[in-house]
Amino acid sequence: QVQLQESGPGLVKPSQTLSLTCTVSGDSITSIYYFWNWIRQPPGKGLEWMGAIAYSGGTFYSPSLKNRTSISWDTSKNQFTLQLSAVLPEDTAVYYCARGLSSSTWDTWGQGTQVTVSS
(Lines give C-alpha, C1' and ligand atoms only; values in the text may rest on other atoms or scores of the structure.)
Protein backbone atom coordinates (compact mmCIF):
# COMPACT_ATOMS: atom_id res chain seq x y z
CA GLN A 1 0.00 0.00 0.00
CA VAL A 2 1.51 3.29 -1.09
CA GLN A 3 1.79 6.06 1.48
CA LEU A 4 2.95 9.65 1.16
CA GLN A 5 4.14 11.90 3.95
CA GLU A 6 4.90 15.61 3.71
CA SER A 7 7.54 17.25 5.88
CA GLY A 8 8.92 20.73 6.23
CA PRO A 9 8.67 23.93 8.24
CA GLY A 10 5.29 25.11 9.40
CA LEU A 11 6.26 28.78 9.41
CA VAL A 12 8.11 30.69 6.72
CA LYS A 13 8.87 34.40 6.56
CA PRO A 14 7.84 36.51 3.57
CA SER A 15 10.38 36.59 0.73
CA GLN A 16 11.99 33.34 1.88
CA THR A 17 11.92 30.03 0.03
CA LEU A 18 9.56 27.33 1.20
CA SER A 19 10.90 23.81 0.91
CA LEU A 20 8.75 20.71 1.46
CA THR A 21 9.62 17.05 1.03
CA CYS A 22 7.30 14.16 0.28
CA THR A 23 8.53 10.74 1.34
CA VAL A 24 6.94 7.84 -0.51
CA SER A 25 6.66 4.29 0.80
CA GLY A 26 5.11 1.24 -0.78
CA ASP A 27 5.90 2.35 -4.35
CA SER A 28 8.84 3.68 -6.28
CA ILE A 29 8.69 7.25 -7.55
CA THR A 30 10.14 5.95 -10.81
CA SER A 31 7.19 3.58 -11.31
CA ILE A 32 6.04 3.85 -14.89
CA TYR A 33 3.05 6.10 -15.62
CA TYR A 34 2.83 7.84 -12.28
CA PHE A 35 3.07 11.54 -11.63
CA TRP A 36 4.03 12.91 -8.24
CA ASN A 37 2.16 16.10 -7.53
CA TRP A 38 2.13 19.07 -5.19
CA ILE A 39 -1.26 20.58 -4.45
CA ARG A 40 -2.24 23.24 -1.94
CA GLN A 41 -5.39 24.59 -0.36
CA PRO A 42 -5.41 28.12 1.04
CA PRO A 43 -7.82 28.78 3.90
CA GLY A 44 -11.37 29.07 2.65
CA LYS A 45 -10.41 28.26 -0.94
CA GLY A 46 -10.30 25.26 -3.23
CA LEU A 47 -7.48 22.99 -4.23
CA GLU A 48 -4.73 24.43 -6.40
CA TRP A 49 -2.43 22.17 -8.37
CA MET A 50 1.13 23.52 -8.24
CA GLY A 51 3.19 21.10 -10.23
CA ALA A 52 4.40 17.56 -10.67
CA ILE A 53 7.37 15.40 -11.46
CA ALA A 54 6.74 12.43 -13.70
CA TYR A 55 8.16 8.92 -13.50
CA SER A 56 10.58 9.96 -16.23
CA GLY A 57 11.88 12.89 -14.19
CA GLY A 58 10.14 15.46 -16.34
CA THR A 59 8.56 18.38 -14.50
CA PHE A 60 5.34 20.26 -15.06
CA TYR A 61 4.21 23.48 -13.41
CA SER A 62 1.12 25.58 -13.01
CA PRO A 63 1.50 28.63 -15.27
CA SER A 64 0.57 30.92 -12.41
CA LEU A 65 3.35 29.56 -10.17
CA LYS A 66 5.92 28.52 -12.74
CA ASN A 67 8.29 31.40 -12.07
CA ARG A 68 8.52 30.61 -8.36
CA THR A 69 8.22 26.81 -8.26
CA SER A 70 10.75 24.03 -8.58
CA ILE A 71 10.14 20.31 -8.10
CA SER A 72 12.93 17.76 -7.89
CA TRP A 73 13.46 14.25 -6.61
CA ASP A 74 15.94 12.02 -4.83
CA THR A 75 15.34 8.54 -6.15
CA SER A 76 17.78 7.02 -3.66
CA LYS A 77 15.53 8.23 -0.83
CA ASN A 78 12.26 7.82 -2.75
CA GLN A 79 11.44 11.46 -2.06
CA PHE A 80 10.39 14.44 -4.11
CA THR A 81 10.69 18.06 -3.07
CA LEU A 82 8.85 21.32 -3.64
CA GLN A 83 10.57 24.67 -3.50
CA LEU A 84 8.50 27.84 -3.67
CA SER A 85 10.52 31.04 -3.73
CA ALA A 86 9.71 34.57 -2.66
CA VAL A 87 6.73 33.47 -0.59
CA LEU A 88 3.93 35.85 0.32
CA PRO A 89 1.26 35.68 3.02
CA GLU A 90 -1.08 34.51 0.24
CA ASP A 91 0.99 31.33 0.01
CA THR A 92 -0.33 30.29 3.41
CA ALA A 93 -2.06 26.97 2.83
CA VAL A 94 -2.22 23.29 3.57
CA TYR A 95 0.25 21.66 1.20
CA TYR A 96 -0.33 18.13 -0.06
CA CYS A 97 1.70 15.70 -2.08
CA ALA A 98 -0.23 13.20 -4.16
CA ARG A 99 0.31 10.39 -6.60
CA GLY A 100 -1.63 10.25 -9.84
CA LEU A 101 -1.71 8.99 -13.38
CA SER A 102 -1.58 12.58 -14.57
CA SER A 103 -1.26 16.08 -13.22
CA SER A 104 -5.02 16.29 -12.74
CA THR A 105 -6.06 12.90 -11.40
CA TRP A 106 -4.77 11.84 -8.01
CA ASP A 107 -5.36 8.54 -6.31
CA THR A 108 -3.26 8.69 -3.17
CA TRP A 109 -2.63 11.69 -0.94
CA GLY A 110 -0.42 12.60 1.95
CA GLN A 111 -2.11 13.90 5.06
CA GLY A 112 -1.10 17.48 4.28
CA THR A 113 1.03 19.96 6.13
CA GLN A 114 0.08 23.47 7.20
CA VAL A 115 2.44 26.20 6.08
CA THR A 116 2.00 29.75 7.31
CA VAL A 117 3.81 32.68 5.76
CA SER A 118 4.22 35.39 8.34
CA SER A 119 6.88 37.63 9.76
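**Aromatic pairs, core and salt bridges**

At 17% relative accessibility, Phe35 counts as buried in this predicted model. Its partner in an aromatic pair is Tyr55, with 6.5 Å from centre to centre and 85° between the planes, an edge-to-face arrangement. Phe35 belongs to strand β4 (residues 35-41) and Tyr55 to the loop between β5 (48-54) and β6 (59-61), so the pair ties together parts that are 20 residues apart in sequence. Tyr55 is partly exposed, its relative accessible area being 30%. Through ring pairs, these two residues join Tyr33 and Phe60 in a cluster.

Tyr33 itself is found in the loop between β3 (18-25) and β4. With a relative accessibility of 57%, Tyr33 counts as exposed. Together with Ile32 and Leu101, Tyr33 makes up a nonpolar surface patch that has about 360 Å² of accessible area.

The structure holds eight aromatic pairs. One of them is tilted, because the rings of Tyr34 and Trp36 have their centres 6.3 Å apart and their planes at 50°. Trp36 is buried, at 0% relative accessibility. The face of Tyr34 also has a charged neighbour: Arg99 lies over it, 4.0 Å from the ring centre.

Turning to charged side chains, the model has five salt bridges. In one of these, Asp27 meets Arg99, with 3.0 Å from N to O. This bridge links distant parts of the chain, as Asp27 sits in the loop between β3 and β4 and Arg99 in strand β9, 72 residues apart. Both Asp27 and Arg99 are buried.

Asp91 takes part in a salt bridge with Arg40, where the closest N and O atoms are 2.8 Å apart. Here the loop between β8 and β9, which holds Asp91, is linked to strand β4, which holds Arg40, across 51 residues. Asp91 also forms a salt bridge with Arg68, at 2.9 Å between the closest N and O atoms. Arg68 lies in the loop between β6 and β7 (69-74), 23 residues from Asp91. Asp91 is buried at 2% relative accessibility, whereas Arg68, at 22%, counts as partly exposed. Arg40, Arg68 and Asp91 are joined with Glu48 in a network of salt bridges.

Definitions and conventions:
Residues numbered from 1 in each chain as written. Predicted model: local features only at pLDDT ≥ 70, side-chain atom pairs only at ≥ 80, totals over all residues. Heavy atoms only, no water. Phe/Tyr/Trp six-rings, centres within 6.5 Å; stacked < 30°, edge-to-face > 60°. Buried < 20%, exposed > 50% of the residue type's maximum accessible area, 1.4 Å probe, protein only. Helix = DSSP H or I, 4+ residues; strand = E, 2+ residues; numbered from the N terminus. Lys NZ or Arg CZ within 6 Å of the ring centre and 35° of its normal. Patch = residues over 30% accessible without salt bridge, like charges linked within 9 Å, V, L, I, M, F, W, Y side chains within 5 Å. Areas by Shrake-Rupley, 256 points an atom, 1.4 Å probe, with all protein chains shown as cover. Salt bridge = Lys/Arg side-chain N within 4 Å of Asp/Glu carboxyl O.
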